[in-house]
Amino acid sequence: MNKSVYSLVLTDDVVAEIDRIAYENGTSRSNTVNQILAEYVSYDTPEKRIREVFSEVENLLTGSSRFQVMMQPSDSMFSLRSALAYKYNPTVRYSVELNRNLQPAIGELRVSVRSQSSALRLYMLQFFKLWSRIEQNLVGHVECAMADDRYIRRLAVAEDRKLDNEALGQAIAEYIRLFDTALKLFFNNLDQPETAIARVESLYGDYLRKNPAIL
């Protein structure tokens, strides 16, 4: 979507209210004016779509104590965290960054953990490799990158699926919940590696049988 510079004559009181709204939403004055005008003329901007998608993700994942929403660094990113049952109770951070046009790939999922524990970082890397191998075997080529403390995965919608904002938010939330469940299942069975692998594979198989939108 192209953007241009326009001159507007506004009263100081109106600008003050716009600035207040912009501050509360963590965005700029220009973006706030653009959103207000878009809503007035019933135009669905990329920013509005992204907000609605993230709103659905938040509604679905924060209904219990499992996930906690974090401060958002930008309008195009949504972050939350989940506690991991391991020494010193580390937290795993999930961040979704969406592309403005939501196509062809809708964005990225980034998973990270901050810890000085070399054992924890090694286990995380083992899980990331396991997860990547399972997806490659069951889904096909999936673009991803990993290190011992982070994992990045390209998010794409299945070619035969057309999703509105609510459905897209549901699909993203479902994938994050799947990943978090699998990660905790893996850590709960660290003393039985073969069992951990089998249970994560079974969990992902169940996910695929539901015909998910995110692949």
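Start by selecting D19: with 29% relative accessibility, D19 is partly exposed, a label for values between buried (under 20% relative accessible area) and exposed (over 50%), using a 1.4 Å probe and protein chains only. You're looking at a predicted model, where local features need pLDDT of at least 70, side-chain atom pairs count only at pLDDT 80 or more, and totals for chains, interfaces and linings use all residues. Residues are numbered from 1 along each chain as its sequence is written, and side-chain values use heavy atoms, with hydrogens and water left out.

R29 and D19 form a salt bridge, their closest N and O atoms 2.8 Å apart (the term means a side-chain nitrogen of Lys or Arg within 4 Å of a carboxyl oxygen of Asp or Glu). R29 sits in helix α2 (residues 29-40) and D19 in helix α1 (residues 12-25), so this pair ties together parts that are 10 residues apart in sequence. Helices here are DSSP runs of H or I with at least four residues, strands are runs of E with at least two, and both are numbered from the N terminus.

Next, pick R110 and E97. Their salt bridge has its closest N and O atoms 2.5 Å apart. R110 belongs to strand β4 (residues 105-113) and E97 to strand β3 (residues 91-98), so the two tie together parts 13 residues apart in sequence.

Last stop: D148 and R121. What joins them? A salt bridge, with the closest N and O atoms 3.2 Å apart. D148 is in the loop between β5 (144-146) and β6 (150-156), while R121 is in helix α4 (residues 118-138), 27 residues apart.
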